[in-house]
Amino acid sequence: LQPTPIILLKEGTDTSQGISQLVSNINACQVIAEAVRTTLGPRGMDKLMVDGRGKAVISNDGATILKLLDVVHPAAKTLVDIARSQDAEVGDGTTSVTLLAAEFLKQLKPYVEEGLHPQTIIRAFRTATNLAVSKIKEIAVSVKKDDKQEQRELLEKCAATALNSKLIAGQKDFFSKMVVDAVMSLDELMSLKMIGIKKVQGGALEDSQLISGVAFKKTFSYAGFEMQPKHYENPKIALLNVELELKAEKDNAEVRVKSVEACGGSIQTSVGALTDDVLGQCELFEEVQVGGERYNFFKGCPKAKTCTIILRGGAEQFTEETERSLHDAIMIVRRAIKNDSIVAGGGAIEMELSKYLRDYSRTIPGKQQLLIGAYAKALEVIPRQLCDNAGFDATNILNKLRAKHAQSGMWYGVDINNEDIADNFIACVWEPSVVRINALTAASEAACLILSVDETIKNPRSSVDAPPGGVGRGRGRGRPHAH
């Protein structure tokens, strides 16, 4: 009697399981890391991505790059997700988090191939992460909040570190001051939407400016407006929801909301009941030419702490990348205000953690020793990649760093400018410790997640579904979901 084959899954279903599956997942993650690997650090390269419609985006931000790559491999998607979460949570360190996760997996690959059980590995990794995080908290330097001047300097250094690896690194002093001013002018909640960023083409980067208040494109014009004074002290502002002219409604709406938040007053729907208490006010209203556009500035608004950054620059891609870089810096400054402890960047904290975990791993018996050692080795990917991107001899510099950290030089990291190692704490390469903590936990969670998957079942696309790619538009279905 032939045993009858049991057909459980539909024809064409793709299943793969076991160790080979795990290894292939690990390899997929390596490929993702390769994509962003070269963008790390001040000497990192930028990527030019062209989407299906031919729009080009130039970026150095790990999360932006991974978002624009259309990743289909299920395991590799986790790396994209952690980069996004790092971007949302902390704003900077997106490339590092992807690299760390991929490097963890790379160090573990031999153990997986030899048949070490994934759960053992995961347990060791959880231990190692907890140790690393508590070590960061222990050695992080907290900054005195009461001394405003000192806090300001700290924030500027953190912003400069975040901008170091971006296109605008040359103007980082200019922009880090601007970012700190912008964030300092907000209230306690520090909501991001109170910082408006307007991009105006033309001009040089140094022409960018920060307006403490609301700025928007001039949307209204009327007969004889050239003759009107362009400069008012302490004006009263009426916010009308009435069409004074037939013009784009969208602009006006945006303008209204911003101004209400900033100037006080309330929106009126008719002109009949204009009394003093519904009018807003501000210290100074002026109309200024910026590039080819006229802008209205409301400065010194009593109510909200808002500010607007006007970015200038040549190419459109360039100003967009500047906006993304400033977003990273703004997030970092917000974080640094909330968590006042900082660590030294430039691979210093990673080397210190690596040394600490390596020493710790020698004190425990069993397989955990190997695995925590692997974790420690994986942390060295950050300084190594910094060296590679700058074209230094990575092995040489890492050996110097290991020696230095063993002699308790705990803030020593890569010195990009002199192809050597330096005390990055003195060199003011600082970042908020929460960036590193978040990066480590996210990376190790992602690595554990990928390790704990041992089987992938892919259902075949059924032939009944409409083929992907925008078939079925225009029949009232809304936008089709991206497949």
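Helices (H or I, at least four residues) and strands (E, at least two) are DSSP runs, numbered from the N terminus.

Before going on, note that this is a predicted model, in which local features need pLDDT of at least 70 and side-chain atom pairs count only at pLDDT 80 or more, while totals for chains, interfaces and linings use all residues. Residues are numbered from 1 along each chain as its sequence is written, and side-chain values use heavy atoms, with hydrogens and water left out.

**Stop 1: along α3**

Stay with α3, residues 74-89. Its 16 residues reach 23 Å from the first C-alpha to the last, close to the 22 Å expected at 1.5 Å a residue; the expected span is 1.5 Å times one less than the number of residues. Now colour its buried residues: A75, A76, T78, L79, V80, I82, A83, Q86 and D87. Following the helix you come to G91, whose phi is positive, near 100 degrees.

**Stop 2: the whole chain**

Zoom out to see 14 helices and 18 strands. Of the 483 residues in the chain, 48% are buried. A contact means heavy atoms within 4.5 Å. Among contacts with a separation of 6 or more, 75% are between residues 24 or more positions apart.

**Stop 3**

Centre the view on L357. Leaving aside neighbours within four places in sequence, L357 is in contact with A128, L131, A132, I372, Y375, A376 and L379.

**Stop 4: a buried loop residue**

Next, pick L116, in the loop between α4 and α5 (118-139). Is L116 buried or exposed? L116 counts as buried because its relative accessible area is 15%. Not counting residues up to four places away in sequence, L116 touches Y111, I121, K367 and L371. Show I19 as well: the C-alpha atoms of L116 and I19 are separated by 9.9 Å, although the two residues are 97 residues apart along the chain.

**Stop 5: salt bridges**

Side chains of opposite charge can pair when their charged atoms come close. In a salt bridge, a side-chain nitrogen of Lys or Arg lies within 4 Å of a carboxyl oxygen of Asp or Glu. The whole structure has 17 of them.

Begin with E321 and R324, whose side chains meet at 3.2 Å, N to O. Both are buried. They are three residues apart in helix α9, so about one helical turn separates them.

Move to E380 and R358, where the closest N and O atoms of the salt bridge are 2.8 Å apart. This pair links distant parts of the chain, 22 residues apart: E380 is in the loop between α11 (367-379) and α12 (381-390), and R358 is in helix α10 (residues 348-361). E380 is buried, at a relative accessible area of 1%, whereas R358 is partly exposed at 21%.

Salt bridges that share partners also join R152, E156, K177 and D181 into one network. Within that group, E156 and K177 pair with their closest N and O atoms 3.9 Å apart. E156 sits in helix α6 (residues 148-164) and K177 in helix α7 (residues 172-184). At 16% relative accessibility E156 is buried, while K177, at 42%, is partly exposed.

**Last stop: the cysteines**

How many disulfides are there? The count is zero, with a disulfide taken as a pair of cysteine sulfur atoms within 2.5 Å. Select C158: its sulfur is 10.0 Å from the closest cysteine sulfur, in C428, which is too far for a bond. C158 is buried, with a relative accessible area of 1%, and C387 is buried too, at 0% relative accessibility.

How values were computed. Buried means under 20% relative accessible area, exposed over 50%, partly exposed in between (1.4 Å probe, protein chains only).
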